[in-house]
Amino acid sequence: MSLDNILNNWSDYRKGAEEGGHHDYEHRWTMAINLDVCIGCNACSVACYAENNLAVVGKERFEKGQAMHWMRIERYWDQAADMEHPEQGASFLPMLCQQCGAATCEPVCPVAATYHTPDGLNAQVYNRCIGSRYCSNNCPFRVRYFNFYSYYESAWPSPMEQQLNPDISVRDKGVMEKCTFCVQRIRTVKDRAKMEDRSVVDGEAMTACAQACPTSAIVFGDTMDESSAVSQLWKKHQVKRGTYQSTRGEKANPNLRGYRIFEELNVDPSIMYLERVREDV
Amino acid sequence: MTMATEKDINEQIAWAKINTDVLRSMENPRPAYWVTVAVCVAMISVAVFAEYIQYTEGMGYANLNNPHMWDLYIASFVFWIGMSHSGTLLSAILHLMHSDWRKPIYRFAEAMTTFSLLTAGLFPIIHLGRVWNMYWVLPYVSDRGHWPNFRSPLAWDAFAISTYLSASMLFLFIGMIPDLAICRDHGKGWRKKLYTVLALGWEGNDRQWRHFRKTYLLMACFLIPLAVSVHSIVSADFAMAIMPGWHVTSFPPYFVAGALYSGCAAIITLFVLLRYFFRFEDYMTLPIMEKTAKLTFAIAMVWTYLNLVEFASIWYGHNVYDKELLIAKATGAYAPIFWSMIFLGSVLPFTLAFRSLRRHMPTMFVVSILLNVGMFFERWMIVAPTLSLSQEPHQWDVMWGSVVEWGIVFGSFGWFGLLFLIFVKVFPSVSMYEVKEMVFHRQRSAGEEDLIRMTDHTQPATETAGGEESK
């Protein structure tokens with residue numbers, strides 16, 4: 001620490017926190033999840049546990065709501081309205097960090113441990129986090145997970161620590177964490193592309209959940225790349241990034257199934273869901 | 001003693017008696033004092049043990065979970081910050097309004113401000129997941145160019161609270177200087193040494209008084225906007241969030257009103273205790289209690305009104321999340337606490353509207369404690385239900401705090417109590433010089449009335465005691 005440093009580089013210090021939201025994006029990593037083909041098998045969740053060194057907290061703590069599943073399958077039950085609309089069983093909604101363009105978690109962090117990257121991701125800087133948990137309170141999707149305990153010994157008793165992913169850290173107690181869209185994989189792909197002096201090809205970067213999905217319900221890619229599969233899907237279903245749009249009302253074709261969760265909150269999520277097709281409606 | 005002309009204070013109190021009474025209160029603690037100290041220390045030990053578990057094992061022992069990332073720690077934080085507004089109200093606002101009845105009771109209220117801030121300040125630290133990094137919230141010079149996030153209400157909290165704490169401590173100290181000089185002149189041993197340092201060479205000469213008056217007035221003017229801003233900023237922790245039940249425009253005035261409310265109630269509690277234990281009947285008189293109670297009643301009604309504003313704007317706003325949350329608060333798992341809050345906060349204060357109850361000390365003691373229980377519930381009902389019933393239905397949950405969490409909240413009362421107990425034995429809890437001023441001014445104005453009456457030949461002159469001894 002030196003006062004000389006701060007005096008000589010005053011303009012650097014005056015910058016303050018990173019501005020949220022609008023950057024000149026390099027990539028915009030985006031997802032489309034087709035609920036019609038989701039069978040609720042939880043393979044994505046398991047893959048996420050393996051890829052991202054997520055701690056298995058045990059039954060008791062899971063019941064207390066202290067689980068660490070970055071990718072969770074939400075299960076909702078239909079209620080039979082009448083004879084014409086009978087109960088159709090459970091529907092599934094894979095819920096993960098929506099990597100919002102106008103994320104509500106970012107401005108509230110007192111130490112700026114969560115911020116928006118030029119890749120369009122909400123980065124969580126574990127080393128900077130002091131665990132005020134305000135970000136989680138302000139997340140409408142409730143997809144931020146807090147390390148309520150230290151899990152290093154209990155979740156990976158020896159020799160299970162050998163199966164930890166070396167590309168990503170194991171978080172200790174008191175730190176917030178969440179889905180990163182497998183940022184370590186994106187990083188690898190970007191580095192490789194850079195070394196080979198080319199741009200990232202669609203399908204090259206793949207999250208663990210998308211890779212594991214047996215029905216290919218999850219499509220992951222870069223919407224800056226107009227030709228990518230995910231761009232095509234967003235375009236096809238007329239879901240746009242950015243400001244509020246009443247997806248149900250303004251759609252030219254009511255058969256378009258694309259929507260974003262909590263569109264009305266104006267947080268600009270990066271994940272488009274495709275509605276489940278009902279037999280009777 | 002007729003009702004209409006009842007005096008706030010007996011103007012005939014001799015100045016020497018004021019000194020003796022107050023100085024006596026600082027000496028010879030009775031066994032009951034030491035028992036209370038022991039109880040407070042025991043309460044603190046519970047909290048320290050709970051914090052030890054939480055620090056070494058993790059925040060999970062507080063039963064916090066995914067929707068409930070905050071719970072009683074933040075509720076207690078808001079509660080104690082609220083408590084701290086009493087002192088500023090009594091000493092600064094009433095000082096500017098020339099309400100001299102505040103004089104016998106403002107000192108302990110101001111001490112309460114400082115100590116409840118010291119208690120409140122612990123909670124944001126305790127609730128951090130990585131306590132050892134708490135200083136990262138402060139804008140210190142770092143070679144890596146790291147700054148706190150100035151857009152975060154939590155960073156504003158750090159500034160607001162530390163500013164308010166230092167200003168209120170300074171205000172408490174400055175207001176005490178002439179009294180510390182009296183203590184110095186009467187003290188022996190370690191007290192003499194302590195007060196000699198603290199009295200800053202006060203001699204009571206004209207120049208010192210002139211400077212003292214100016215400084216005190218300046219600090220009073222400085223403290224009022226601080227008090228309003230500090231609780232507005234605490235309310236911003238909630239109001240700046242997107243959550244239903246938190247994102248409420250009326251929160252800043254609502255929080256300030258709630259703060260003044262619980263502060264006034266706490267003044268009544270301590271008023272009764274000090275009056276009883278220190279035999280301060282001559283200073284903490286029934287008329288002053290009546291005035292404090294009326295003030296509390298008025299603030300209670302403001303608080304009730306702002307509550308209704310909040311409910312009405314949610315009800316007619318037709319925001320589905322807010323409305324469902326309000327219905328759930330009133331009918332769901334939290335309903336007993338919610339309705340207790342409404343009853344204790346809005347119905348119970350009507351006892352303060354009755355003169356006979358206002359003058360009955362045991363009633364006032366119980367009522368004031370219940371009012372603060374209601375205010376604790378209010379803060380709890382702001383923090384917890386919103387997290388239980390946020391936008392995301394899959395994460396709906398109801399959570400009750402664990403022993404660890406309640407232990408720390410419980411211990412905070414012991415911590416506050418201990419600080420206060422130490423204060424009343426080390427520092428004068430009644431402002432001696434201001435009571436003297438009050439007596440002097442009242443005597444003089446009474447004397448002037450007598451003079452007018454005596455020189456007014458249309459009325460027969462009457463003998464009054466006040467006129468003869470005035471200057």
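**Close-up 1. Strand 8 of chain A is covered on both of its faces.** In this predicted model, A:I218, A:F220 and A:D222 lie on one side of strand 8 of chain A, while A:V219 and A:G221 lie on the other, and all of them are buried. The strand spans residues 218-222, and five of its five residues are buried. Side chains in a regular strand alternate between the two faces of the sheet.

**Close-up 2. Strand 8 of chain A has an antiparallel partner in strand 1 of chain A.** Strand 1 covers residues 29-34, and five bridges join the pair. To find your way in this view, look for A:T30, whose bridge partner in strand 8 of chain A is A:G221.

**Close-up 3. Helix 4 and helix 5 of chain B pack against each other.** Here residues 85-96 (helix 4) and residues 106-120 (helix 5) meet at an angle of about 145°, their axes 7 Å apart. The crossing is left-handed. Helix 4 of chain B brings B:S86, B:G87, B:T88, B:L90 and B:S91 to the contact, and helix 5 of chain B answers with B:Y106, B:A109, B:E110, B:M112 and B:T113. Sorted by class, this contact has four nonpolar, five polar and one charged residues.

**Close-up 4. Chain A meets chain B through 42 residues of chain A and 41 residues of chain B.** On the chain A side, helix 1 (3-8), helix 2 (10-13), helix 5 (105-108), helix 6 (134-137) and strand 6 (144-146) each supply at least two residues. Helix 6 of chain A gives the largest share, three residues. By class, the side of chain A that touches chain B has 22 nonpolar, 13 polar and seven charged residues.

Methods. Residues numbered from 1 in each chain as written. Chains lettered and ligands numbered in written order. Predicted model: local features only at pLDDT ≥ 70, side-chain atom pairs only at ≥ 80, totals over all residues. Contact = placed C-beta atoms within 7 Å. Helix = DSSP H or I, 4+ residues; strand = E, 2+ residues; numbered from the N terminus. Nonpolar A, V, L, I, M, F, W, Y, C, P; charged D, E, K, R; others polar. Buried ≥ 20, exposed ≤ 12 C-beta atoms within 10 Å, placed from the backbone. Pairing = 2+ DSSP bridges. Axes fitted to C-alpha atoms, helices over the stretch in contact; angles between N-to-C directions. Left-handed = near helix turned anticlockwise from the far one by under 90°.
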